[in-house]
Amino acid sequence: MAGENTAAKQIEWTVTGMDCASCANKIRTAVERLPGTETVDIALMTERLKMRLDESKTSRANVEAAVKKLGYGIAERRTGAAPAAAAAAAQPSVLKPQQKPVHVHGPDCKGHDHQPGHSHDDGHDHDHGAGHSDGDGHDHHPKGGKDDSGHGSPGHVHDDPADRGKRWYQTGKGKLVIFTALLLGAAWAVELVAPEIGKWAFVAACLIGVAPVAKRAFAALRVGMPFTIESLMTIAAVGALFINAAEEAALVVFLFAVGEVLEGVAAGKARDGIRALANLVPKTALLEVSGTTKEVPAAELQVGQMVLVRPGDRIPADGEIAEGTSGVDDSPVTGESVPVTKGPGDPVFAGSINTEAALRVTVTKAAEDNTISRIIRLVEEAEEARAPTERFIDRFSRWYMPAIVAVAALVVLVPPLAFGQPWDTWVYRGLALLLIGCPCALVISVPASIASALSTGARRGMLMKGGAVIEAAAKVSRVAFDKTGTLTHGRPMVTDVVTFGTTTEAELLAVAAGVETGSSHPLAVAILNKAKEAAVAVLPSRDAKALMGKGVVATVGDASAWVASPRYAMDNGGMDGLGLRQATVFEEEGKTAVAVFREKTPLGLIAMRDEPRKDAGDAVRQLKAMGVTSVILTGDNPRTAAAIAGGLGMEFQADMMPEDKLKAIKDMSEQGGVMMIGDGINDAPALKQASVGVAMGSGTDVALETADAAILRDRVTDIPAKIRLARAAMANIRQNVTIALGLKAVFLVTSVVGLTGLWIAILADTGATVLVTLNALRLLRFNPERES
């Protein structure tokens, strides 16, 4: 694979069945050995194989055959298809959410309220939109389908298409693990009564479990990878059987199989999260043709076509508003916490939610180029850009296993052949050496530390998806926070109430809450909650009506009352210059201000802000004490971001699109490990690009599944606690490796010189396992919330 071949074409495939970085490495090695292949890239989570291929030297069929020989599924991606659509096409057995029927409304549906229980006639606006319930059944936060990526298996016996969508214990691989476990239990029971019979049960359990492992080892051997995790396990199990240690062999193979199943389940969940990104865009759109509307697949929309978007619908394509004014909730795309009022000429994104009135939108980008498709591609590229994290044991086996096997062979052969020593003595010592070389303690010790750390974290609502995440979290030197829903609660709260003239605060809240009664808009909910907290009796209201882009008016008591933007209030006698200056001060503090007034009678101002979580400041302080710097990356406006960041003593970057966050993470990664904390779909690329992506528990399912880790208690102080736990786990792992290898080194020498025999070798190996396990269990008592 020398210089770039001009005859080579860029080709992409979807590869199914990969459970870990070792799988990706095997496929890469096998494909790179084929003539005519260049720039081979494989992404584990997005299951994408991409390369430049000269088909005059190697056909596509030969590439697919090479991958299939390793036990993986492969299908070519369609040219020009959106990323998620291509993946779905390559995996026909993926279970997809059912599309609900769409009821077509004519052009006269403008202003129709799709929000049950909303008392306003035609929407609601304060330069923000109404609540966004799904009037037509479109999913606001669609969840990924069932796990269809395959659930790891003993020895990487990868996805059987018939197993897709099943629970792990319903799959062939899961049944194998359960069957092996039952054999182990039965063997132990029988051994108590008849040891000889129990021994053969252990042998059977070991052989059943190690058979698929050995098969994978031989497949890797054929493509030039003689020492892999599979070969390590195969030699260890066979060696243990040779020296009559069937019980230990069976147990190690079983634990390895369980680890593979768990790893596969985690990989499947992460892939479901990535695929769920595509579900943000509705499957159908209402296309306007010659004054009538018809339902068409959203994927077939072409640039220049006009679509009708009703209240409550998701926008089906990137475009520009041609007619209508409405609040548009861009939170799935930009992370903006409050719906933004948009009108003719304003751009809109695929996947955003129209919250108020009907819009006519001109399509400006085809489906494969829309915002969500770009985010999916960014996730794929972020996955591809991160070097696969090889498991410690697999890396170690590159030299450890060849060395042990070679030394054992020399011990068996050299003394008898070169010096005429008795064969039985040196075969015995060679087998003892092979047992000492059996990586049982290593195979168990590292997962034991990881399992203890994961258990400790889980009890405190701190989830991490495996050992690689723990290792990366321990090396973090920077933490990047999304603002909305992460550092803040994600819902505005009333911060200030200013009254004018003789109006009391209770009177002001009674009128404002009366106007807002029935609304589900975040700012309206904040006012209603404030009135409830203050035990204010809400005045009865009727005839509520939205003022597009301005606010809302209703008859409260026996007269009209308004809750509107300060500018609208100024123009309509609802506020004077002094009040406007106060509203400006609020806005400079990052707050949203609304004016409350009756006919030519100002009543007061209400300011609201999405406040930082109470523990945010303490979390930033703890991170600083640990030598970790923090920064805010948000799609919100700079004034709001500056107000939050200033109060917490953090740096910030605002007005960021997903690609901006991704670039910022890449730049920070050049200076060390980066942890990204987010809760929205827009955070998905940055979560994947970061060394560790952490989703807050209140976030979307996609963010939770896409991320490497999660905080379920919505406590910002759990971030420094997570890093503290990861660092403690890595220290524990280093101790375990030292214990395991130290004991092995001692007994390797004593076995060769004949000071220790098989029973001492078994004791040494078992002793090392017990010691490292006990050491790992110390993590169960570790309290990561305690500052060191």
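A contact means that heavy atoms lie within 4.5 Å of each other. In this predicted model, residues 24 or more positions apart account for 70% of the contacts with a separation of 6 or more. The secondary structure of the chain consists of 24 helices and 26 strands. Of its 788 residues, 56% are buried. The accessible surface is about 31600 Å², and carbon and sulfur atoms contribute 58% of that area.

The charged side chains may be considered next. The chain holds 16 salt bridges. One of them joins Asp 313 and Arg 310, with 2.8 Å from N to O. Where do these two partners stand, buried or exposed? Buried means under 20% relative accessible area; Asp 313 has 4% and is therefore buried, and Arg 310, with 1%, is buried as well.

A further salt bridge links Glu 471 to Lys 475, with 3.7 Å from N to O. Here Glu 471 is partly exposed, at 22% relative accessible area, while Lys 475 is exposed, at 56%.

Helix α20, which spans residues 658-669, contains both Lys 663 and Asp 667. These residues are four positions apart, about one turn of the helix, and their side chains form a salt bridge of 3.2 Å, N to O. Lys 663 is exposed because its relative accessibility is 52%, whereas Asp 667 is partly exposed, with 36%. Elsewhere, salt bridges with shared partners connect Glu 55, Arg 60 and Glu 76 in one network.

Note on methods. Residues are numbered from 1 along each chain as its sequence is written. This is a predicted model: local features need pLDDT of at least 70, side-chain atom pairs count only at pLDDT 80 or more; totals for chains, interfaces and linings use all residues. Side-chain values use heavy atoms; hydrogens and water are left out. Helices (H or I, at least four residues) and strands (E, at least two) are DSSP runs, numbered from the N terminus. Buried means under 20% relative accessible area, exposed over 50%, partly exposed in between (1.4 Å probe, protein chains only). Accessible areas come from the Shrake-Rupley method with a 1.4 Å probe; for residues, only the protein chains shown count as cover. A salt bridge is a side-chain nitrogen of Lys or Arg within 4 Å of a carboxyl oxygen of Asp or Glu.
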